[in-house]
Amino acid sequence: MSRTRIVGGVYTKITGGDYKMYTEGDTIITAAGKNDFVNAEKVIIGTNPEKMDFRGKGGTLLITKVESEPKGDVSPNQKVTYKVTQYNFSEKVTEADKNRIQWAIKIDDKQEVLKEKGEKLVLTIKEEWAGKEISVMPYLKEPVEKISVKTKIIREEVLIIIGTENKKKELIFPAMGIRKLRTKFAKYPFVRFIIFTGSYTEDQLSKIELSAIYHNKRVECQRVNTIDDVINIINSGDISNKKDKSIRKVKSIFIYSHGYVYEKNNEHEGVIAFDYDNKINEQKLDKSSFSKIDNNIFFR
């Protein structure tokens, strides 16, 4: 219903108490002269000092809160339940209102409306979302990120690390690493196959990497020369130690290399020697090197 009143002269309205005006849309006051608020102790504009319940009088029902279970970071292929838990008129929400709730997700600045409807959404986390954050938004009119749950999807990495061989170059360590990849992680999407170049020829390195890719099309092959290269990859996912922006954790590490134990200060200390002759300190993983690894990077 609309109503327009046109007065040719002066229009005066006097109330003995408070005078309140509510509009569900905009309130526009236009005057050819000035607008005076006479004897007003305080004029409040734009701070929304009082809201009126329009429900039942043509008011708009809105969702004001949504929650997820489980909360926090999740993994690919995990199921997450999102549920609307609050409305602006909670006491007057009908089943029909709940059934018409729609859901949208936003990832990489791209928004998608889901086919599911209702107060609850059970979402299976996709593998391609790993290392990213998604916003899940329920809505009745249109989705807004202000009313959403942000979920981080962990990229759980498996690292297979290969040391150098003896002078016979029998490729025993690479063969063991390839076997682990083939038998346990052929379909796993987040595997890094890390190999010390050391004693291997370029032809051997290329064939080892091709074999790894043959058994897992998504494997990431990386060549390293020092233990610091390996530690950088463990800690940040990057050989140059640039912080990986994706959300990642290390799930497992498999090492195929030489090792030995030596005595120092009447204590025995173990060393993983990625060089065959045990002469290159930069290729040894010892107690000092271990201390550089970030404990928080491991998946628990």
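The entries below cover a sheet, a pocket and some salt bridges.

**Ground rules.** I am working from a predicted model, in which local features need pLDDT of at least 70 and side-chain atom pairs count only at pLDDT 80 or more, while totals for chains, interfaces and linings use all residues. Residues are numbered from 1 along each chain as its sequence is written, and side-chain values use heavy atoms, with hydrogens and water left out.

**Sheet.** I looked up an open sheet of three strands and found the order E12-E13-E14 with antiparallel pairing. The edge strands, each pairing on one side only, are E12 (258-264) and E14 (284-285). Strands here are DSSP runs of E with at least two residues, helices are runs of H or I with at least four, and both are numbered from the N terminus; two strands pair if DSSP finds at least two bridges between them. Strand E13 (residues 267-273) is joined to E14 in the antiparallel sense over two bridges, and I noted that Ala273 has Lys284 in E14 as its bridge partner.

Next I turned to the second largest pocket, whose volume is about 230 Å³. A pocket here is an open set of points on a 1 Å grid over the protein atoms alone, where a 1.4 Å probe fits, with protein on both sides within 12 Å along at least five of seven lines, and its lining residues have an atom within 4 Å of a point. The volume is the space filled by probe spheres set on the points, which are joined across faces, edges and corners. Among the lining residues I listed Leu62, Ile63, Tyr139, Leu140 and Lys141. Strand E1 (63-69) and strand E6 (133-139) each supply at least two residues of this lining. By class the lining has seven nonpolar, one polar and three charged residues, where Ala, Val, Leu, Ile, Met, Phe, Trp, Tyr, Cys and Pro count as nonpolar, Asp, Glu, Lys and Arg as charged, and the others, Gly among them, as polar.

**Leu140.** Leu140 sits in the loop between E6 and strand E7 (149-152). Leaving aside residues up to four places away in sequence, Leu140 touches Leu61, Leu62, Ile63, Asp97, Arg100 and Ile101, contact meaning heavy atoms within 4.5 Å. From Leu140 to Gln102 I noted 6.4 Å, C-alpha to C-alpha, for a pair 38 residues apart in sequence.

**Salt bridges.** The count comes to 15 salt bridges, each a side-chain nitrogen of Lys or Arg within 4 Å of a carboxyl oxygen of Asp or Glu. Lys71 pairs with Glu69, the closest N and O atoms being 3.9 Å apart; Lys71 is exposed at 56%, and Glu69 is exposed at 52%. Glu145 forms a salt bridge with Lys106 at 2.9 Å between the closest N and O atoms. Glu145 lies in the loop between E6 and E7 and Lys106 in strand E3 (residues 102-107), so this pair ties together parts 39 residues apart in sequence. The side chains of Glu202 and Arg223 also meet in a salt bridge (2.9 Å, N to O). Because Glu202 lies in helix H3 (residues 202-215) and Arg223 in strand E10 (residues 220-224), the pair ties together parts 21 residues apart in sequence. My last entry is a network of salt bridges that links Arg155, Glu157, Arg192, Glu220 and Arg248.

Terms used
Buried means under 20% relative accessible area, exposed over 50%, partly exposed in between (1.4 Å probe, protein chains only).
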